[in-house]
Amino acid sequence: MDRHFEEIVQWAYSTLPQKIRDLPDFPGIQVVEEPPEDVRKDAAKRKNWPKGTEMLGVYSGVHRTERQHFQTRIAPDLIFVFRGPILRCAKGDLRAEVKRVVWHEVAHWLGHDEEEVRKYQNIPVLYAQKHLACEGSKIIASERERVA
Ligand SMILES: [Zn+2]
């Protein structure tokens with residue numbers, strides 16, 4: 001595995017607001033060379049997926065807003081970052097591209113759909129401000145709200 005690329009992913013993670021990174025259920029971030037065939041096929045079926053677009057990353061798991069506290073987790077929540085497609089698509093600024101992908105998938109994890117995630121690139125910051133302003137018990141109370 002490409003150490004340099006892994007370090008960039010690590011750096012991209014470190015740019016997220018501390019309050020988001022500190023969430024006990026923050027998903028793992030996994031670097032994978034190429035998106036698996038079935039994931040690619042799934043994406044191609046989506047209505048809003050532009051033809052010929054590479055998949056740079058994906059969030060696999062339950063959206064934070066839709067999760068029930070008693071729910072049994074079968075698979076851990078994971079953010080996949082696809083190295084090959086990112087290297088092919090990043091025009092010059094690899095760091096910026098990796099950061100964009102990581103923030104994008106974290107926003108999905110926070111419960112936002114594709115349209116919102118594309119429109120508001122700073123969702124993790126908004127989420128930290130709106131939902132995580134106070135520590136502790138209030139986090140759970142405000143989880144069902146969404147960032148406008
Ligand atoms: Zn997306």
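Reader: What makes β1 and β3 count as paired strands?

Author: Two strands pair if DSSP finds at least two bridges between them, and β1 (residues 28-32) has five bridges to β3. The two strands run parallel. Strands themselves are DSSP runs of E with at least two residues, helices are runs of H or I with at least four residues, and both are numbered from the N terminus.

Reader: What kind of model is this, and how are its residues numbered?

Author: The model is predicted: local features need pLDDT of at least 70 and side-chain atom pairs count only at pLDDT 80 or more, while totals for chains, interfaces and linings use all residues. Residues are numbered from 1 along each chain as its sequence is written.

Reader: How do you know that β2 also pairs with β3?

Author: Four bridges join β2 to β3, and the definition asks for at least two. These strands run antiparallel. Within this pairing, Gly57 stands opposite Val81 of β3.

Reader: Why are β1 and β2 called edge strands?

Author: The three strands form an open sheet in the order β1-β3-β2, with mixed pairing. β1 and β2 each have a single partner strand, so one side of each has no neighbour in the sheet. On average, neighbouring strands are turned by 20 degrees against each other, direction ignored. The axes behind such angles are lines fitted to C-alpha atoms, for helices over the stretch in contact, and angles run from 0 to 180 degrees between N-to-C directions.

Reader: What packs on the sheet?

Author: Helix α1 does, touching β1 and β3. Its direction makes about 150 degrees with that of β1. Touching here means a contact: two residues whose C-beta atoms, placed from the backbone, lie within 7 Å.

Reader: Why is Ser60 called partly exposed?

Author: A residue is buried with 20 or more other C-beta atoms within 10 Å of its own, exposed with 12 or fewer, and partly exposed in between; the C-beta atoms are placed from the backbone. Ser60 has 17 such neighbours, so it counts as partly exposed. Ser60 lies in β2 (residues 57-60) and touches Leu78 and Phe80, leaving out residues up to four places away in sequence. β3, by contrast, is mostly covered, with four of its five residues buried.

Reader: Is Lys99 buried or partly exposed, and what makes it so?

Author: Lys99 has 20 C-beta neighbours inside 10 Å and therefore counts as buried. The cut-off for buried is 20 or more. Lys99 lies in helix α5 and touches Ala12 and Thr15, again not counting residues up to four places away in sequence. Lys99 and Gln10 are 89 residues apart in sequence, yet their C-alpha atoms are 9.6 Å apart.

Reader: What about Leu23, buried or partly exposed?

Author: Leu23 has 16 C-beta neighbours inside 10 Å, so it counts as partly exposed. Leu23 is in the loop between α2 (18-21) and β1.

Reader: What makes a set of residues a nonpolar core?

Author: The members are buried Ala, Val, Leu, Ile, Met, Phe, Trp, Tyr and Cys residues, joined through C-beta atoms within 7 Å. The largest such core has 23 residues, and Val81, Val98, Val102 and Val106 have the most contacts inside it. α1 (3-14), β3 (78-82), α5 (94-109) and α7 (123-131) each supply at least two residues. α5 gives the most, with seven. Beyond four places in sequence, the contacts of Val102 include Val9, Ile29 and Val81.

Reader: How do you know that the buried residues of α7 lie on the same side?

Author: They are Ile123, Pro124, Tyr127, Ala128 and His131. They cover an arc of only 135 degrees around the axis, which puts them on the same side of α7. The arc is that of the directions from the helix axis to the C-beta atoms.

Reader: Where does pLDDT stay under 50?

Author: It stays under 50 over residues 135-148. pLDDT is the predictor's confidence in each residue, from 0 to 100. Where it is low, the predicted coordinates should not be read in detail. The protein chain averages a pLDDT of 84, and 84% of the residues score at least 70.
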